Amino acid sequence: MLNRKGLRPAWAIALVALVAVLLTGTLTAPAQAAPALDLEARSAVLLDFATGQVLYEKNPDEPIAPASLTKLMTLHLAFKRIEAGQMSYDDPVVVSRNAWAANFPDSSLMFLEPGDKVTVGEVMKGLAIVSGNDAAVALAEHIGGTVENFVKMMNDEAQALGFKTFRFVDPHGLSPQNQVTAGEFARFARLYIQLHPESLEMLHSQKEYSYPQYENLSDARQAVTSPKAHEPITQMNRNGLLWTYEGVDGLKTGFVDEAGFNLAVTAQRGGMRLVGVLLGIQADSIPEGSAKREAEGAALLSWGFSNFVTVKPQMPEVKPVRVWKGAANEVTLQAAGGTPTLVLEKGLESSLTASVRQEESVTAPVAKGQKLGEVIFAADGQEVARLDLVAAEDVPQGGFFKRIWDSLKLWIHGFFNR
């Protein structure tokens with residue numbers, strides 16, 4: 001059993017040790033519980049990507065302005081439109097005066113100018129890699145027609161996905177009126193990766209982006225600039241963990257004065273992927289805040305990788321279930337969703353057990369997918385997961401004589417076993 005911060009209760013550890021003494025006469029040291037993690041962030045959540053299991057949480061339900069983490073919802077809507085065939089990466093984007101970089105002084109920019117020749121794919125890179133607020137407006141207008149329409153799409157999508165705390169008022173996150181919680185945003189970040197896995201390699205793991213290339217310049221700017229004299233602006237990804245933490249390949253950073261420094265991060269090591277969200281890290285300067293955000297992100301990931309492991313348990317033998325009055329005499333059971341991935345505290349893998357509870361018999365008809373049992377997984381004697389066992393195929397009722405014959409056998413069986 002894990003408590004809300006992913007820790008094994010002290011009483012459970014003591015109980016395991018006591019049982020060991022009573023049964024064997026010797027004290028077997030139990031696996032060490034994950035140590036406490038002390039973060040400065042106002043709110044934080046760490047998830048295992050494969051299972052969605054919460055490994056750590058601190059004030060997960062506190063509403064906080066997401067800042068540029070908002071751009072993940074903007075990108076999600078762009079990917080969704082592309083995957084639906086309604087837009088392509090090569091589609092040209094009209095850069096309006098609303099999306100002009102000059103409208104967003106002292107903020108992260110792609111450096112768009114009206115008249116630029118730019119594509120959806122390029123704008124998405126400017127949004128994800130260098131966190132361009134101008135790019136967010138350009139993409140919002142391209143998809144929604146207006147920023148207002150696009151913001152409505154963002155909120156409608158959040159509601160459709162079941163996120164109750166999300167509230168968006170812009171596509172870039174500059175407004176402190178945008179709102180999320182770490183708990184729900186961690187779930188959204190996991191879903192984002194599940195739905196758009198290509199985004200990690202294409203966007204979020206890219207360390208730099210250069211814009212505008214000469215071919216991006218408007219006709220007016222090309223007329224006064226030669227290809228050889230033009231130099232694009234090269235900017236680094238705001239996620240410093242891409243350089244400093246092994247396995248990090250996303251996702252997004254953010255900062256607004258009202259909230260502080262935020263981070264949505266993901267990393268993969270040894271076949272295990274973690275997704276973390278940190279909100280509300282306070283600092284007196286941008287360099288200090290960026291450094292603290294990077295340190296807290298690394299601490300959160302290291303805590304997860306150091307204390308937990310994902311395992312694919314070996315499935316126990318599952319026998320067919322007897323079917324009475326059916327076209328077949330038995331039905332095969334299978335695991336709903338296949339063999340699960342489990343998350344355990346390190347050191348508990350060797351104690352993992354699996355037991356089966358299933359129906360001995362059932363009366364036809366049996367529907368494919370009908371639950372007829374379950375597998376219970378336990379570690380150190382504590383249940384960690386349950387897996388439904390379901391009918392692998394339909395078994396319709398048998399013919400008239402088959403039903404009569406089975407009814408007779410059931411009556412005889414019941415008579416002699418009263």
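By class, how many nonpolar, polar and charged residues are in the lining of the largest pocket?

Mentor: This is a predicted model, with pLDDT of at least 70 required for local features and 80 or more for side-chain atom pairs, while totals for chains, interfaces and linings use all residues. Numbering runs from 1 along each chain as its sequence is written, and side-chain values use heavy atoms, without hydrogens or water.

The lining has eight nonpolar, twelve polar and six charged residues. Gly counts as polar here. That makes 26 lining residues. Nearest the pocket's centre lie Ser108, Gly254, Phe255, Phe261 and Ile286. (A pocket is an open set of points on a 1 Å grid where a 1.4 Å probe fits, with protein on both sides within 12 Å along at least five of seven lines; lining residues have an atom within 4 Å of a point.)

Now the annotation. An unreviewed UniProt entry places "active site" at Ser68, Lys71 and Ser131; such annotations may be inferred. They span 64 residues in sequence, but no two of their C-alpha atoms are more than 7.8 Å apart, so they gather at one spot. From this set, Ser68 and Ser131 belong to the pocket lining.

Take Ser68. At 11% relative accessibility it is buried, meaning under 20%. Its side chain makes a polar contact of 2.7 Å with that of Lys71 (N or O atoms within 3.5 Å, one able to donate a hydrogen and the other to accept it). Beyond four places in sequence, Ser68 contacts residues including Ser131, His172 and Lys252 (heavy atoms within 4.5 Å).

Ser131 is buried too, at 2%. Among the residues Ser131 touches are Ser68, Lys71, Ser108 and Lys252.

Conventions
Buried < 20%, exposed > 50% of the residue type's maximum accessible area, 1.4 Å probe, protein only.
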